[in-house]
Amino acid sequence: MRRLLCLLSISLLVGPLLAETYVVDGAAGDDANNGVTAPFKTIARGLRDLKPGDTLKLVKMDVPYRESIPLLKHGTPEAPITIDGGGATISGADTAPKDGWQEQNGVYVLPQAREVKFLFGPDIRYEQARSAQTLGNQEWFWEAGKLYFRPAAGKQPADYDLQMSVRISGIMTTGAGQIIVRNLTAMHFYNDGFNIHNGSAPIWFENIKGLWNGDEGFSAHENCECFVRNAEFSNNYWHGIADVTIARTYYQNIVVRNNRSKGIYLIGGTHGITDSVVSGSPDQIVLSPSDGTNVPALAADPMRVSTTNLRNVLVQSAAGETGLIVNGSAQAAIEHCLILGGQTGLRVDPTGRAHVLNTIIAGQAGANVVAAGDFAADYNLYFPGLLTAAGKAYTAEQFADYQAATHGDQHSFVEEPRFIADTRLVSRASRASGSAFGPTAFGGPDIGLELRAPKPEEPGVQPPQPLPTPPSKPAPAAVAAAPAGAAVVLPELPAPGEGPAPAADKIAPVKRLTHLWEFEQTNPWNRAYPEPVKTPAGQPLKGVLELSTEQVHNGQKALKLAVQAPEAPPASVRVKLFSGKLNLDKPIRVVRFWMYGDASGRQFNLRVRDAQGESFYDATRKMDWTGWQQITWDLAQRPPVNVVGGNKNLIQDGPPLELVMDLTYPTTDRTPAVIYIDDLELEIEG
């Protein structure tokens, strides 16, 4: 038995080392190669030998791989299978030949044994005629082994780059799971670019595109579970995304545009959409209960109703289009979103349910909201203020009557939103900006796509409701902070407010009411709390928080925070870095410190938390530099963009005060993320 256990232990240790990376190069490869030291030629050959832990990597070519990728094998939680497209494209179409066509009265005929489902060109889908005898200009038809095409006047098929769609789907699964798919475009398939079936779960997708397909760009069915990050699903014949039955899908940072019927169609299941843009379809987003027939006891399944959270999503409609529809018993939680333009912004059908907070619904020609169902809303901005609730229509002048009748939107208002130049970032001049809008601002400091791009400066633009200047208080006798901590595993730290009492810190006075921590003996930023503490699979966020000599700006040591993010899900985690409780009796007016940047684009923001739990937030920033850089927040020049919690008196009530930094870590980057901080300086009101 002991020998068996030893052999088992050895096999577990050696197993991951045997993982292979197989390479496919459609231009230079050969299927007689082994795929490791010399590449295969076809994807089909590359898929044959995959096992848990292996990676199949495609070499990008000038032309697409004209193959599907059926994923039939399972990875494991410890060793997922990875498909890395390397930026390549897989295509469901074959190129029609330039010659071999026979002309008959302006219609050209090509022998084509394989049925053609769609006919594409560069950035175009040609319309199919009703028959071979009724072709209009640039229309086509296939029957009985022949492809018929009528070019525009004066042109021949040789003048076109015709792509004949003959393959069903791009990425296809039938129950497989523990798979990662990244850096891949699927286009010109006559069904879906990404077609996920039969309980496949979980599957992670990153940097993918589903374009110009005959059904959807992405479609998850049955009870599949998918996590999609950084993607585009555009110009598909029916929908950009269509998830059905009781699928569970989560989309972050996606673009869905110009699909023929619906941008996103979610029918049953649970879904999340964040940091995304949807536009260019007759209906941008439609939510409906499941209509599946192959799920046992579906009528009693809670996931049948369809529950979707939209957070920080821009829904942009043109004339005649509809932004968001909640059908049947579907339900939606909508927060921090922009629903702009079109005929109707939000429609809630009689048995539907929508909960809307911190959202702008503006620019609609017909109505901002038509709510026949359950519509719970507050802290929203509407313009021009046309709403229908419980069968009664209200104009902007009747907004108070609407509030009284519905008991909703008590803190909402009607006003034209203001954006920064030609962006969809809310201007500081708008009442929908920062703390002027809502007391919680659940989605961030402002409404708009702040997480997609840095917010431009607005010289001379002032908030409509600036924060009042807090009254002066007596100068503090001393400043205190908790002592430096040793390396820690983050989830084992106590909750905020717990832990040892703060001890006095040595402060080097630089000038009157300015205090400096040099991180030589004391770590004033000594408490870290992850969100979430664990992933849904129970995996903790691990890291260290310590004084280190690895990178310093001044002296011998600096603060080091190293985080090893868990494998997705979720798409990202957040770490809250708290200072010790500072015995400050006057407000903090300037924060300065040096941070070592790695150009990772990681987001962070500062806030001051007072003794009453009221938090004063600075705007979100990005780590877009390399090397040491001083970070400065002058609260007089740049007032807090939001104030949350506490007694809401807009005053930093101390002692104590705490300085907090919130950092976001994407879980797709498996490299431990490290930041260094040195020379923290606080300037206190004189």
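**Figure 1. Salt bridges across the predicted model.** The count of salt bridges here comes to 20, a salt bridge being a side-chain nitrogen of Lys or Arg within 4 Å of a carboxyl oxygen of Asp or Glu. Please keep in mind that this is a predicted model, in which local features need pLDDT of at least 70 and side-chain atom pairs count only at pLDDT 80 or more, while totals for chains, interfaces and linings use all residues. Residues are numbered from 1 along each chain as its sequence is written, and side-chain values use heavy atoms, with hydrogens and water left out.

**Figure 2. R229 and E206, a pair joining two strands.** The side chains of R229 and E206 form a salt bridge, 2.8 Å from N to O. R229 sits in strand β18 (residues 225–234) and E206 in strand β16 (residues 203–211), so this bridge links parts of the chain 23 residues apart; strands (E, at least two residues) and helices (H or I, at least four) are DSSP runs, numbered from the N terminus. Both R229 and E206 are buried, where buried means under 20% relative accessible area, exposed over 50%, and partly exposed in between (1.4 Å probe, protein chains only). Look for R182 too: together with E206 and R229, R182 belongs to a network of salt bridges.

**Figure 3. E683 and R592, a bridge between β52 and β45.** Here a salt bridge brings the side chains of E683 and R592 together, at 3.4 Å from N to O. The partners are 91 residues apart, with E683 in strand β52 (residues 673–684) and R592 in strand β45 (residues 588–598). E683 is partly exposed, at a relative accessible area of 21%.

**Figure 4. R638 and D618, a salt bridge between loops.** The closest N and O atoms of R638 and D618 are 2.9 Å apart. R638 lies in the loop between β49 (626–634) and β50 (642–644), and D618 in the loop between β47 (615–617) and β48 (621–622). D618 is buried, with a relative accessible area of 2%, whereas R638 is partly exposed at 30%.

Figure 5. You will find D349 in the loop between β28 (344–348) and β29 (353–357). D349 is buried, with a relative accessible area of 17%. Apart from neighbours within four places in sequence, D349 is in contact (heavy atoms within 4.5 Å) with I325, V326, N327, G328, A372 and G373.
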